[in-house]
There are 2 protein chains.
Amino acid sequence: MGKKTKEKILEAAKRAFAKKGFNGVSVEEIASMAGVNKAVVFYYFPKKEDLFAAVWESSIDELEEHIFKDVEGESLYIRKIKKLLRSYIDFVRNRKEIMKLIEREKASVLDSDEENDKIRLKLKNRYRSFVGRIISLLNEAKRRKEVDSDLPSKEVAGIITDSIGSMVFHPDVSPEMIEKVVLRFLGRR
Amino acid sequence: MGKKTKEKILEAAKRAFAKKGFNGVSVEEIASMAGVNKAVVFYYFPKKEDLFAAVWESSIDELEEHIFKDVEGESLYIRKIKKLLRSYIDFVRNRKEIMKLIEREKASVLDSDEENDKIRLKLKNRYRSFVGRIISLLNEAKRRKEVDSDLPSKEVAGIITDSIGSMVFHPDVSPEMIEKVVLRFLGRR
DNA sequence: ACGAAATTTTACCATCCGGTCAGTTAAAAA
DNA sequence: TTTTTAACTGACCGGATGGTAAAATTTCGT
């Protein structure tokens, strides 16, 4: 049996949103990419926003899972961080689509107005919880004196996610270089 | 005499694109924000794309001008860089609108397909030339041994622009912290 | 095999959007 | 004063878009 319809729609939507952004794609376009009728998209996702929400959450899930997968295997925090960076870069290289989706829509998700969309607010919080996990990792590493204890975790986490993430649109910057730079930067001096 | 019509349209478009993105705003919306008839927008900018191009180029112009304004006043390269960082952060704080515009549309501009739009390609190159100037500054500083000579300029320039730029959507990270972090990072050890 | 529930298709609608155009106003040029 | 040109208006067009309703088809438990 082939993939389930809902899954096909989600994957097509992921590709479409990544390439053209939420407002740049029509539901019909997504439907035809998924090989289904437009109305069946609305059957599974009553609003276009719902479809986007599902795509966003699944994307962050996948990113977070991949990035923290190998972290638990290490006991030293500096090595956890090293693993995280390596997985992150690996993800950017191999899952360009998801990264483009995230980079392209990040602004609109993070800028969503508090009193505006409840649904967008949830997406913003999903992203923040992802960054929050990186912050916690850095905090713990600082507590254990494995990274310089007066590096501000929040800002460093931002630097990591933003600079690695946007690599996906800079084919000429080397992911390994970024990794080396960040690592050397974290080491105490 | 009030502002000229074309100028009013450009400013309204800048605000609109910053808040909702290119595909999230209609020309009519922009026109009404500018207090002019929709057709007069097309009178000055035959296509919506033309309007966006004008907004983008003026935004990068403004950013670049502001960031490099005080750089020439310094002779030491490390101080030039310090000035640049400070101006950059200053810009993010005081010109949120432009930064949101840039952050929101950066993905779509940088991802523009080579054989696709000639006009988008121009915008991509405009952005690249801006980053190129930062790279040159870093290179020169390295040549003069004022910053660690084996820091890869391209990657560091990316880290600077991406992390400072996206601060505009993270009201809880401190610009000054980023500045301190980047500066300490550039210092030779 | 049968009926009910889930899924898919067809046809449709109301609205919006980018863009055009014929024509008006106002100011500058002659 | 007449003519010309630039700036502006309002009405309109064709196509796209998000979304809906109902019929048709498939799936599945009994």
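**Briefing: a predicted helical model with chains A and B**

Lys145(B) is exposed, with 54% relative accessible area, where exposed stands for over 50%, buried for under 20% and partly exposed for what lies in between (1.4 Å probe, protein chains only). Residues are numbered from 1 along each chain as its sequence is written, and chains are lettered from A and ligands numbered from 1 in the order in which they are written. This is a predicted model, in which local features need pLDDT of at least 70, side-chain atom pairs count only at pLDDT 80 or more, and totals for chains, interfaces and linings use all residues, while side-chain values rest on heavy atoms, with hydrogens and water left out.

**Chain A as a whole**

- Chain A has nine helices and zero strands, helices being DSSP runs of H or I with at least four residues and strands runs of E with at least two, numbered from the N terminus.
- The C-alpha atoms of chain A fill a box of roughly 60 × 40 × 30 Å along the principal axes, and 53% of the 189 residues of this chain count as buried.
- Of the contacts in chain A between residues at least 6 apart in sequence, 68% join residues at least 24 apart, a contact being a pair with heavy atoms within 4.5 Å.
- Carbon and sulfur atoms hold 48% of the accessible surface of chain A, which comes to about 9,000 Å², as computed by the Shrake-Rupley method with a 1.4 Å probe; for residues, only the protein chains shown count as cover.
- Chain A carries 39 positive and 32 negative charges, whose mean positions are 3 Å apart; Lys and Arg count as positive and Asp and Glu as negative, with His and the chain ends not counted, and each charge is placed at NZ of Lys, CZ of Arg, CG of Asp or CD of Glu.

**Pocket and cavities**

- The largest pocket holds about 1,000 Å³ of space, a pocket being an open set of points, on a 1 Å grid over the protein atoms alone, with protein on both sides within 12 Å along at least five of seven lines, and a cavity a set where a 1.4 Å probe fits but cannot get out; lining residues have an atom within 4 Å of a point.
- Grid points are joined across faces, edges and corners, and a volume is the space filled by probe spheres set on the points.
- The largest pocket is lined by 32 residues, with Gly21(A), Asn23(A), Glu105(A), Asn23(B) and Glu105(B) nearest its centre, and the elements giving two or more residues to this lining are H1 (5-20) and H6 (96-110) of chain A and H1 (5-20) and H6 (96-110) of chain B.
- There are four cavities of 30 Å³ or more, and the largest cavity holds about 190 Å³ of space.
- Among the 15 residues lining the largest cavity, Glu103(A), Lys106(A), Ser166(A), Glu103(B) and Lys106(B) are closest to its centre, while H6 of chain A and H6 of chain B are the elements that give two or more residues to the lining.

**Lys145 in both chains**

- Most residues other than glycine have a negative phi.
- Lys145(A) has a positive phi, near 60°, lies in the loop between helix H7 (118-143) and helix H8 (153-165) of chain A, and is exposed at 52% relative accessibility.
- Lys145(B) also has a positive phi near 60° and is found in the loop between helix H7 (118-143) and helix H8 (153-165) of chain B.

**Val41(B)**

- Val41(B), in helix H3 (residues 38-44) of chain B, is buried at 2% relative accessibility.
- Beyond its neighbours within four places in sequence, Val41(B) is in contact with Ile9(B), Val27(B), Ala31(B), Val36(B) and Leu51(B).
- The C-alpha atoms of Val41(B) and Leu10(B) are separated by 9.4 Å, with the two residues 31 apart along the chain.
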